[in-house]
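This report describes one protein chain, going from single residues to the whole fold and back. The sequence and structure come first.

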Amino acid sequence: MPTPTLLVLDAEPLPRLGRLTGRVRIEHTDAAGLAERLPRADALLVWDFTSRAVRDAWPGEGPRPRWVHTASAGVDHLMCPELAASDTVVTNARGIFDQPIAEYVAALVLAMAKDLPRTLELQRERTWRHRESLKIAGSRAVVVGSGPIGRAIAHTLGALDITTALVGRVARSGVHGPEDLDRLLARADWVIAAAPLTDETHGMFDARRFDLMQPSARFVNIGRGQLVVEDALAEALAKRWIAGAALDVFEAEPLPAESPLWQAPGLIVSPHMSGDIVGWRDELGAQFVDLYELWASGEPLKNVVDKQRGYVPGH
């Protein structure tokens, strides 16, 4: 049996795949060389999960990888009609980022409730200014996105005694459907965007949705940047339609220096780091090797993405 070829779309630092040494031919490429090498690969590891090169390079006909794995939870950066229509299996990094992101969201909620950004500003100014902060126990949150990340967020916020409602693609036990979202937004103190990017969720947080929120509400996006109409959020903050926001993902990354979001009142900007704890790349590499073991032995893969929906079903 010929040795399989694994093609890696590189990003620094490279993945640690030592357990595969001698069992698979590992080739590396950048975005420029991807189209030429794809037809010769049996499997593709999209280690550079910020790149959209797969969308541009994926062959419509002829030889192509039988399996594509992306080292990310989202798959919108690689999904294209040709890949979606093919028999290639796509998997993602589901399970790696759930708790780290939940902890990050909890940290943002606490920081906004306790006015920590202003405390740090006043410290730098050597200004002593007493203020009152918010009690979060007993407040209400809406988490939009009922997958593993959304559920981890809801569980972690629950530990802070925040009553949390989950909103998913369809209503089911413990999860509200999209038809309940507007009603829940109107009562929420915290709105957390954790949904995958699909045709249905693109731009879902627009001027109308921000206008529905309470003036005391705060908005957090750790999902995908394109879930939010950024100009509408900037206007909502400037006009005090909502009290504050925190964004970890953006439509364009890195966030351009000229973006008005940098100076939007009450906005915390972070550089797409909510799930990136110390050692996260090693966890991603180990997860891929475990999946490769299943794939090489012909066993069913975990984290298989529904290519039409754009996420792993079953949640």
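The model is a predicted one. Asparagine 303 belongs to the segment after α10, and its phi is positive, about 60°, although the residue is not a glycine.

Valine 305 also lies in the segment after α10. Its relative accessibility is 5%, so valine 305 counts as buried. What does valine 305 touch, not counting residues up to four places away in sequence? The list consists of Val75, Val90, Thr91, Asn92, Gly310, Tyr311 and Val312. Between valine 305 and glycine 74 there are 9.8 Å from C-alpha to C-alpha, with a sequence separation of 231 residues.

## Overall dimensions

The protein chain contains ten helices and eleven strands. Along the principal axes, the C-alpha atoms fill a box of roughly 70 × 45 × 35 Å.

Of the 315 residues, 51% count as buried. Among contacts with a separation of 6 or more, 60% are between residues 24 or more positions apart.

In soluble globular proteins, nonpolar side chains tend to be buried together. Here the largest nonpolar core has 47 residues, and Leu6, Ile153, Trp190, Ile192 and Ile222 are those with the most contacts inside it. At least two residues of this core come from each of β1 (5–9), β3 (43–46), α4 (98–113), β6 (140–144), α6 (148–159), β8 (190–193) and α10 (280–296). Helix α4 gives the largest share, nine residues.

Leaving out residues up to four places away in sequence, tryptophan 190 touches Val109, Met112, Ala113, Ile136, Ser139, Arg140, Ala141, Val142, Ile162 and Arg218.

## Strand β6 and its partners

Four of the five residues of β6 are buried, so that the strand is mostly covered. Strand β6 runs parallel to β7 (residues 163–167), and five bridges join the two. Alanine 141 is placed opposite threonine 164 of β7. From β6 the chain passes through α6 to β7, in a β-α-β crossover that is right-handed.

Strand β6 is also joined to β8 by four bridges, again in parallel. Which residue of β8 is the bridge partner of alanine 141? The partner is tryptophan 190, one of the residues with the most contacts inside the largest nonpolar core.

## Helix α9

Helix α9 spans residues 230–238, and its buried residues are Glu230, Ala232, Leu233, Ala234, Ala236 and Leu237. An α-helix has 3.6 residues a turn, so residues three or four places apart point the same way. The cover over the buried residues of α9 includes α8 (207–212), β9 (218–221), β10 (244–247) and β11 (267–269). After α9 comes arginine 240, with a positive phi near 60°.

## Loops

Is serine 270 buried or exposed? Serine 270 has a relative accessible area of 6% and is buried; its place is the loop between β11 and α10. Its side chain makes a polar contact of 2.6 Å with the side chain of aspartate 248. Apart from neighbours within four places in sequence, serine 270 is in contact with Tyr104, Leu247, Asp248 and Phe250.

Aspartate 115 is in the loop between α4 and α5 (116–124). Its relative accessibility is 28%, so aspartate 115 counts as partly exposed. The phi of aspartate 115 is positive, near 60°, in a residue other than glycine.

Glutamate 12 and proline 13 are joined by a cis peptide bond with omega about -10°, and proline 13 lies in the loop between β1 and β2 (25–29). A cis peptide bond with omega about -5° joins glutamate 253 and proline 254, and proline 254 lies in the loop between β10 and β11.

Definitions and conventions:
Residues are numbered from 1 along each chain as its sequence is written. This is a predicted model: local features need pLDDT of at least 70, side-chain atom pairs count only at pLDDT 80 or more; totals for chains, interfaces and linings use all residues. Side-chain values use heavy atoms; hydrogens and water are left out. Buried means under 20% relative accessible area, exposed over 50%, partly exposed in between (1.4 Å probe, protein chains only). Contact means heavy atoms within 4.5 Å. A nonpolar core is a set of buried Ala, Val, Leu, Ile, Met, Phe, Trp, Tyr and Cys residues joined through side-chain atoms within 4.5 Å. Two strands pair if DSSP finds at least two bridges between them. A crossover is right-handed if, with the strands pointing away from the viewer, the path from the first strand over the helix to the second runs clockwise. A polar contact is a pair of N or O atoms within 3.5 Å; within protein, one must be able to donate a hydrogen and the other to accept it, and residues adjacent in sequence count only if both atoms are side-chain atoms.
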